[in-house]
Amino acid sequence: PVKIGRLFGLALLALLLVACESMSQTGAKTSSRQDMNGGSMSAQIGKANGTATEVIEVEGYLGEVLDVDVTLSVGSGSFKIELLDAAGEATLTLQARDGQAVSDRGEMAVDDVGEARYRVTAEEAEDVEYTLEYTYR
């Protein structure tokens, strides 16, 4: 009985964590490319609100680190990008508000199934564009 209670509790916690992360967006377009040296991921979003964790699939570089150049612009509202390490902690946070364009350099970890993650958070954001250009270390 105790094990079932713990499992139920863990399942409920996982569900709540997933439910807390939600993003609504309209007019979104993405594109990506990869080659032997790295790759890029670009997004254009008409309107967005909320939080989501996004994944870049990286074949053949399990457990590696990516060096990432991030550019971000937002027409109105606020939009934030956080590059994540293997534990899900932010290694770089970049935020733009009301007509700003910003850029910076950081790193992302590739996990043992070939996924690098970043988190985006939008607050009434409109006309968002961002690009992550990465190279393998």
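Student: Which polar contact joins the side chains of Asp67 and Arg137?

Tutor: A polar contact is a pair of N or O atoms within 3.5 Å; within protein, one must be able to donate a hydrogen and the other to accept it, and residues adjacent in sequence count only if both atoms are side-chain atoms. Here the side chains of Asp67 and Arg137 are joined by one of 3.0 Å. Please note that the model is predicted, that local features need pLDDT of at least 70 and side-chain atom pairs pLDDT 80 or more, while totals for chains, interfaces and linings use all residues. Residues are numbered from 1 along each chain as its sequence is written, and side-chain values use heavy atoms, with hydrogens and water left out.

Student: Is Asp67 buried or exposed?

Tutor: Buried means under 20% relative accessible area, exposed over 50%, and partly exposed in between (1.4 Å probe, protein chains only). Asp67 has 17%, so Asp67 is buried. Arg137 counts as exposed because its relative accessibility is 53%, and Glu107, at 31%, counts as partly exposed.

Student: How many salt bridges does a search of the whole structure find?

Tutor: The search finds seven. One of these joins the side chains of Glu82 and Arg119, at 2.8 Å from N to O. Glu82 lies in strand E4 (residues 65–84) and Arg119 in strand E7 (residues 115–136), 37 residues apart.

Student: How many aromatic pairs does the structure hold?

Tutor: Rings of Phe, Tyr and Trp (its six-membered ring) pair if their centres lie within 6.5 Å; planes under 30 degrees apart count as stacked, over 60 as edge-to-face and the rest as tilted. The structure holds four such pairs. Among them, Phe79 and Tyr130 are stacked, at 5.7 Å centre to centre and 25° between the planes. Phe79 lies in strand E4 and Tyr130 in strand E7, so the pair ties together parts 51 residues apart in sequence.

Terms used:
A salt bridge is a side-chain nitrogen of Lys or Arg within 4 Å of a carboxyl oxygen of Asp or Glu. Helices (H or I, at least four residues) and strands (E, at least two) are DSSP runs, numbered from the N terminus.
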